[in-house]
Amino acid sequence: MTSHKTIKAALYEGVNPSAPLLKVTDLPAPVALNGDAVIKILATRVVSYAKDVLDGTRPYPNLLPMVPGPGGVGIIQSVAPGATHLKPGQMVFIDPTVRSRDHPIKPDAMLQGLIAFGKGFELQKVWNNGSWAEEMLVPFENLTVIPESVQAKFDPAELTSISNYAVPFGGLYPNLRPGQTIIITGSTGMFGSSAVAVALALGARRVIASGRNKKQLEEFVTLYGSRVVPVVTSGDVAKDTEAFLSAAGEGFDIDVSFDILPPQATFGVVQSSILALRTGGTAVLMGGITSSAEIPYPIIMTKGITVKGHFMYDRSGPTTIIGLADAGLLDLHHRQEPKVFKLDEINEALEWSAAHPGAFDATVILL
């Protein structure tokens, strides 16, 4: 069902090298039917790799045309029958991870406004459009109400960072205990830098932040103090392993290694982090490395190391991030003032975000 009302949205129809990637146009306004709500978008982010997705450098399967934009913050406009807590007028965080409702063990999934996986195309047929629009349609279970106490502390642009923190939280929370020591590989990226902050909020004794950008790694120490120890990796497995062990501090072991490196990275530094783990340690893989990885079988076997893969976070993730922020354990204020664009400037925002992918950069669309 469609509405006679129209909204402004950034439409993606496919790669077209001779024209802007997105066309800002009028589309029919979404209508809440059953099990979903219409959200008026207040603020949404542009991730640094969005341009690569849309120009075909990093091809993601999607049903086209579509309105991109994974997640955001907005106000509920209307609610379909079936809701017991959601009401018009509430401010909500939008989780882009849409999962099928008809299988309790192995649901199919898509990231609304970004990518569909396998049978996730069936989900995309219903919730195809993302948040780079004045309004979007979102399933009930993908909405988290933001309490007024949190709204008073952080503005909508800052609240969009909930997604940045919720992603690494999904892999950190079940595996990291207070007082433990953790290595984070890929620390200088958007999600890696958020992983550093979340690990500290969860009570890590020490976060070993690794990467190749020495300047950005040192900024973590300025920001968080001596609980963060930077390690500039060399690519030499033996040297990096020794550097990790030294960074743990005398008398302490490394309990967890957490990887969130991008697709173009190699597995060597992850292997070093696994080799540095204590007996019974845990390695969590959440990154985008696409190449095959050599796992140190004898070490994993003799030391009883657990290797886990993890994708995104469960429904409680955003709620916990909001709770950590409300408690003052996690600061959602931008570590650097975001670059703000209007919806009409979405193509400029794509270029800016691609050119500023660092740990302390943020690109936001305000509507």
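**Reading a predicted model**

Tutor: UniProt, in an unreviewed entry, places the feature "transmembrane region" at residues 182–204. Keep in mind throughout that the model is predicted.

Student: How far apart do the end C-alpha atoms of residues 182–204 lie, and what share of the span is helix?
Tutor: The span that the UniProt record names as "transmembrane region" is residues 182–204. In the model this span is 17% strand and 52% helix, and its end C-alpha atoms lie 7 Å apart.

Student: How many residues of strand S9 are buried, and which of them point each way?
Tutor: Strand S9 covers residues 135–139 and is mostly covered, five of its five residues being buried. Met 136 and Val 138 point one way, whereas Glu 135, Leu 137 and Pro 139 point the other way, and all are buried.

Student: Which strands supply the lining of the second largest pocket, and which gives the most?
Tutor: The second largest pocket holds about 510 Å³ of space, and 26 residues line it, with Pro 28, Pro 30, Val 126, Asn 129 and Leu 137 nearest its centre. By class, the lining divides into 17 nonpolar, six polar and three charged residues. Strand S1 (6–11), strand S2 (23–28) and S9 each supply at least two residues of this lining. The strand that gives the most, with three residues, is S9.

Student: How many cavities of 30 Å³ or more are there, and what is the volume of the second largest cavity?
Tutor: The count comes to three cavities of 30 Å³ or more. The second largest cavity is lined by residues including Arg 45, Val 46, Met 190, His 356 and Asp 361, and by class its lining has five nonpolar, five polar and two charged residues. The space in the second largest cavity is about 90 Å³.

Student: Why is one side of S6 and of S8 left without a neighbour in the sheet?
Tutor: The sheet in question is open, has three strands in the order S6-S7-S8, and shows antiparallel pairing. Strand S6 (97–99) and strand S8 (115–116) stand at the edges, so one side of each lacks a neighbour in the sheet, each having a single partner strand.

Student: Which backbone oxygen does the side chain of Ser 161 reach?
Tutor: Ser 161 is also found in the loop between H4 and H5, and it is buried, with a relative accessible area of 3%. At 2.6 Å, its side chain reaches the backbone oxygen of Glu 158.

Student: Why is H5 described as largely enclosed by the rest of the structure?
Tutor: Among the buried residues of H5 are Ile 162, Tyr 165, Phe 169 and Leu 172. H5 is largely enclosed because its buried residues number 11 of the 11.

Student: Is Lys 51 buried or exposed?
Tutor: Lys 51 is found in helix H1, residues 50–54, and its C-alpha atom is separated by 38 Å from that of Pro 178, 127 residues apart along the chain. Since the cut-off for burial is under 20% relative accessible area, the 19% relative accessibility of Lys 51 makes it count as buried.

Key:
Residues are numbered from 1 along each chain as its sequence is written. This is a predicted model: local features need pLDDT of at least 70, side-chain atom pairs count only at pLDDT 80 or more; totals for chains, interfaces and linings use all residues. Side-chain values use heavy atoms; hydrogens and water are left out. UniProt positions are given in the numbering used here, feature names are shortened, and annotations may be inferred rather than shown by experiment. Helices (H or I, at least four residues) and strands (E, at least two) are DSSP runs, numbered from the N terminus. Buried means under 20% relative accessible area, exposed over 50%, partly exposed in between (1.4 Å probe, protein chains only). On a 1 Å grid over the protein atoms alone, a cavity is a set of points where a 1.4 Å probe fits but cannot get out, and a pocket is an open set with protein on both sides within 12 Å along at least five of seven lines; lining residues have an atom within 4 Å of a point. Grid points are joined across faces, edges and corners, and a volume is the space filled by probe spheres set on the points. Ala, Val, Leu, Ile, Met, Phe, Trp, Tyr, Cys and Pro count as nonpolar, Asp, Glu, Lys and Arg as charged, and the others, Gly among them, as polar. Two strands pair if DSSP finds at least two bridges between them. A polar contact is a pair of N or O atoms within 3.5 Å; within protein, one must be able to donate a hydrogen and the other to accept it, and residues adjacent in sequence count only if both atoms are side-chain atoms.
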